[in-house]
Amino acid sequence: MTCVKEEAYAKINLTLDVLGLREDGYHDMDMVMQSVSLSDTVTLTLEERPGVRVKSLGADLPQDRSNLAVDAAYRYLEAVGCPKQGLSMTIEKRIPVCAGTAGGSSDAAAVLRGLNRLLGEKLSQEALMQLGSQVGSDVPYCVLGGTARAKGRGEVLSSLPSLPPCWIVLCKPDFPISTPQLFRRIDQYPEGKKPNTKAMLRALEHGQLPAVAKELYNVFEAVLPEPQRQEVQNIRRILSESGALGTCMSGTGPTVFGLFDRKDRAEQAADKLQEAYPEVFFTKAV
Ligand code: C5P
């Protein structure tokens with residue numbers, strides 16, 4: 001086998017809490033993550049010519065190691081003792097870029113999984129996750145996928161019961177967010193409202209979608225700069241008025257999502273949002 005295809009799923013945060021600044025400059029987190037059916041497709045082909053080459057469809061991605069997928073490939077090849085192995089990858093991009101939905105991290109995780117398949121499963125899932133943590137804080141979760149709690153920098157993971165069946169509408173407003181800046185703002189205002197992670201875990205355990213929807217909470221939303229916070233609230237309002245059981249921002253944003261128990265209402269919400277926003281996605285949990 002010289003070629004494999006991997007789906008790289010986007011993620012949303014059902015909860016996101018920042019526990020505090022660490023000595024290494026990162027923050028300790030406590031998050032409940034969920035993969036959704038919006039995905040990029042990553043195709044990997046082994047080649048004789050050394051080096052990693054990348055072609056992207058649907059977005060203009062960097063060719064060098066600032067692209068997490070490229071960095072992941074080099075790290076994997078070094079880790080398994082094949083640094084001269086050549087690789088070309090094609091990334092069909094559908095997950096929005098810089099959106100709080102882990103698109104780049106998910107592509108990197110797909111590269112780790114795919115290369116491992118191509119080269120004879122040389123590393124365990126645990127080892128792939130550890131390698132992924134060197135690429136980015138969200139990569140270990142993206143290797144695991146599904147419903148999971150992420151602690152530490154994001155690399156201390158435990159799988160959770162699946163999100164009850166529902167439809168999830170994602171909407172990305174068109175403004176950039178600086179992740180380091182949002183972390184700095186959290187450090188300045190550490191006393192804000194916190195998610196009730198225990199209640200979220202209980203809701204998942206009992207398979208109760210309304211309770212999950214009630215517990216959605218992301219501490220970053222309260223520290224967004226004012227015009228952006230209003231835009232996020234506007235999207236949440238449109239989702240709620242269309243019948244979402246709960247709404248929340250994902251990661252460091254700016255993507256906002258709503259959970260629906262009825263498909264027709266989710267479709268209506270997506271139609272309504274599409275009148276004002278170009279990047280709206282109708283998805284399910286995976
Ligand atoms: O690990 P990653 O490269 O995705 O992190 C990007 C930035 O986000 C870091 O440089 C840091 O500023 C911030 N970060 C953090 N604590 C985490 C994850 C990310 O402070 N747990």
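**View 1. The largest pocket is lined by 39 residues.** Leu 68, Ser 105, Asp 138, Thr 179 and Thr 252 lie nearest its centre. The model is predicted. This pocket has a volume of about 1000 Å³. At least two lining residues come from each of β1 (3-21), β2 (27-47), α2 (103-118) and α5 (179-188). Helix α2 gives the most, with four residues. By type, the lining of the largest pocket holds 17 nonpolar, 17 polar and five charged residues.

**View 2. The second largest pocket has a volume of about 210 Å³.** Its lining counts 16 residues. Closest to the centre are Val 18, Ile 186, Tyr 189, Pro 190 and Lys 194. Two elements, β1 and α5, each give two or more residues to this lining. Strand β1 gives the most, with five. The lining of the second largest pocket divides into ten nonpolar, two polar and four charged residues.

**View 3. Four strands form an open, antiparallel sheet.** Their order is β9-β10-β7-β11. Strands β9 (246-249) and β11 (279-284) sit at the edges, and each pairs on one side only. On average, neighbouring strands of this sheet are turned by 20° against each other, direction ignored.

**View 4. Strands β7 and β10 run antiparallel.** Five bridges join β7 (residues 167-172) to β10 (residues 256-260). Trp 167 stands opposite Phe 260 in β10.

Methods:
Residues are numbered from 1 along each chain as its sequence is written. This is a predicted model: local features need pLDDT of at least 70, side-chain atom pairs count only at pLDDT 80 or more; totals for chains, interfaces and linings use all residues. Side-chain values use heavy atoms; hydrogens and water are left out. Two strands pair if DSSP finds at least two bridges between them. Axes are lines fitted to C-alpha atoms, for helices over the stretch in contact, and angles run from 0 to 180 degrees between N-to-C directions. On a 1 Å grid over the protein atoms alone, a cavity is a set of points where a 1.4 Å probe fits but cannot get out, and a pocket is an open set with protein on both sides within 12 Å along at least five of seven lines; lining residues have an atom within 4 Å of a point. Grid points are joined across faces, edges and corners, and a volume is the space filled by probe spheres set on the points. Ala, Val, Leu, Ile, Met, Phe, Trp, Tyr, Cys and Pro count as nonpolar, Asp, Glu, Lys and Arg as charged, and the others, Gly among them, as polar.
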